[in-house]
Amino acid sequence: MKQSFLYRFIAVILIMAICLPAVRVRADEPKNQQDTESLSHTFFDEDSDSDNNDKPDSSVASITDATLGDPTKELNCKAAAVIDVKTGNMLFEYNSNNKYCPGGLLKLMTALVVFEKGSSSDVVRVSGNKYYEENADYMDVVIYSGEQIPVKDLLYGLILKSGNESAYALAEYVSQDAKSFADDMNSVAKELGCKNSTFSGPNNDYASETSSSAYDMALIAAALYRHPLFRTIIETENYFIPATNKSEERELWQDNRMKYYANTDYYYKYHIGGKVGYSDIGGCFVSFAEKDGMTIACVVLGANPEEMIYSDTVKLCNHVFNSYQRVYPLRNYKLEIDPGSSALIRNYYSNVGHSLPYYYLNDNICINVEKGFGEEDIRINPVLYSEPEGDKAGILEIYYKDKLISQSYINVGISSIYDKATNSGELATLTVASGADTNLSSDKDSSIKKIAIYIILIISVIICILLIILMILSHRIRKKRKNNKKPEIDRKTRSGIEYAEIVKYPDSKNDDKDDNNHSDNDEV
């Protein structure tokens with residue numbers, strides 16, 4: 001039994017050794033072709049499924065094909081903004097800095113503060129604040145004083161149902177009270193670069209004292225989209241809050257009519273999800289859409305009638321998708337620096353054993369440009385620091401039509417630039433931009449790694465084969481020894497029987513003789 005188990009174990013190891021190269025190759029394949037194209041490839045981003053996305057869908061209502069000719073005349077809303085959530089580039093603005101009451105959209109800022117300062121795995125014990133008792137008749141989610149409920153479930157209630165009570169409970173969880181939470185909201189907004197926003201509290205009870213703009217709401221939406229749980233929530237049509245110590249199971253539904261396929265009046269096939277709000281200026285909507293690898297957040301403020309938030313959103317999304325494309329300007333870029341003109345090299349690297357340090361660029365940095373642009377419209381300006389700042393040697397300024405739209409760090413040596421680009425939340429690819437020793441290029445490093453992997457695999461297979469051979473030989477030797485011991489045991493057994501017979505019979509005769517003697521004596 002043990003040997004059978006051992007053979008099966010060795011067989012599994014062999015299968016894994018054979019399959020590992022294939023698995024390794026598949027793991028090294030890019031998750032997104034747009035994120036890992038070689039520098040030798042074209043300057044443009046090519047999506048493998050773009051053809052499928054461009055095919056018309058006859059089952060979708062005509063709202064999907066709505067277009068925007070003159071933005072200033074065809075929009076119903078008072079203000080709008082569209083931002084690429086991955087690059088941070090603002091792609092469309094209409095009265096984007098005008099201040100309005102965002103209504104229920106202010107809860108997006110509430111959610112962002114919770115994501116930044118809390119943990120979705122925490123469990124909140126709802127306080128005994130009289131707020132919950134006084135607003136019991138107006139609750140959308142319905143939570144109770146003393147209820148123990150996870151932060152994650154409160155976030156679902158906040159975003160799917162726009163629950164005022166969920167917002168208030170989350171504010172107490174993060175900052176103990178609504179006033180302190182408002183301070184946190186304004187602090188996070190300032191860090192994002194919001195310039196037209198003032199938040200007074202976590203929910204609609206404070207909406208009249210809250211102001212924001214389409215531009216600021218676009219920044220907030222882009223920051224939220226970087227949180228995986230937020231993306232999951234806005235893509236969810238309905239959600240069940242499990243039973244707690246104070247309540248039975250509760251079901252929540254998405255309050256977003258663009259999400260449901262059955263509603264052909266407003267369904268939009270590129271729509272991911274979003275958050276609806278209402279205020280004194282009309283309907284407000286922050287939504288997310290994705291097409292051809294471009295993910296955008298669209299903000300519409302003050303649509304009247306309220307249903308026009310959906311048609312305005314579709315027009316804006318189609319306008320941006322039809323007008324812009326993503327470009328990776330650093331993939332064909334080579335950084336060339338004159339050692340004689342670089343204060344950084346003269347002052348800091350003079351005692352290093354090579355004339356130039358190794359510079360690494362983030363070639364996953366992307367920008368949004370108008371379709372049909374010319375390469376001369378993009379200009380890259382390297383700026384080296386006079387003194388290094390950690391592993392940063394400088395920045396690359398990326399200009400489009402003489403407007404600075406992106407920046408990326410120039411890193412020196414072996415370093416991580418995963419989250420240091422000022423405009424990208426994507427994972428970075430380290431690309432050697434220049435250096436004295438060209439044999440340290442990324443291509444050669446990759447080849448060396450592959451060769452090392454194959455050598456390790458070959459050695460592993462050889463070791464497995466040797467182990468199998470040793471096991472077979474060991475099994476044969478044990479079997480042979482067992483066979484050799486068996487005749488010897490048989491001989492000993494037979495010898496014991498013969499000896500017993502030899503000894504037994506004389507004893508038996510003597511015993512009979514003694515019995516006869518006793519008989520004779522008895523008779524006498």
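In this predicted model, the count of aromatic pairs comes to ten. One of them joins Tyr 131 and Tyr 132 edge-to-face, with 5.6 Å from centre to centre and 90° between the planes. Tyr 131 and Tyr 132 are both buried. Another pair is formed by Tyr 156 and Tyr 239, whose ring centres lie 3.6 Å apart with planes at 5°; the pair therefore counts as stacked, since planes under 30 degrees apart meet that description. Tyr 156 has a relative accessible area of 6% and is buried. Tyr 239, at 14% relative accessibility, is also counted as buried, because the limit for that class is under 20%. Ring pairs also bring Tyr 131, Tyr 132 and Tyr 168 together in a cluster.

| Arginine | Tyrosine ring | Distance to ring centre |
|---|---|---|
| Arg 331 | Tyr 328 | 3.9 Å |
| Arg 379 | Tyr 399 | 4.2 Å |

Among the buried residues are Val 151, Asp 153, Gly 157 and Ile 159, together with Leu 154, Leu 155, Leu 158 and Leu 160. After helix 6 comes Ser 162, which has a positive phi, near 55°.

Helix 8 has 15 residues (178–192) and reaches 21 Å from its first C-alpha to its last, close to the 21 Å expected at 1.5 Å a residue. Its buried residues are Ala 178, Phe 181, Ala 182, Asp 184, Met 185, Val 188 and Ala 189. Viewed down the axis of helix 8, these buried residues fall within an arc of 160°, so they line one face of the helix. Helix 4 (106–117) and helix 7 (164–175) are included in what covers them. On the face of helix 8 turned away from the buried side are the exposed residues Lys 179, Lys 190 and Glu 191.

Both ends of helix 8 can also be described. Following helix 8 is Gly 193, whose phi is positive, near 100°.

Terms used
Residues numbered from 1 in each chain as written. Predicted model: local features only at pLDDT ≥ 70, side-chain atom pairs only at ≥ 80, totals over all residues. Heavy atoms only, no water. Buried < 20%, exposed > 50% of the residue type's maximum accessible area, 1.4 Å probe, protein only. Helix = DSSP H or I, 4+ residues; strand = E, 2+ residues; numbered from the N terminus. Expected span 1.5 Å × (residues − 1). Arc of directions from axis to C-beta. Contact = heavy atoms within 4.5 Å. Phe/Tyr/Trp six-rings, centres within 6.5 Å; stacked < 30°, edge-to-face > 60°. Lys NZ or Arg CZ within 6 Å of the ring centre and 35° of its normal.
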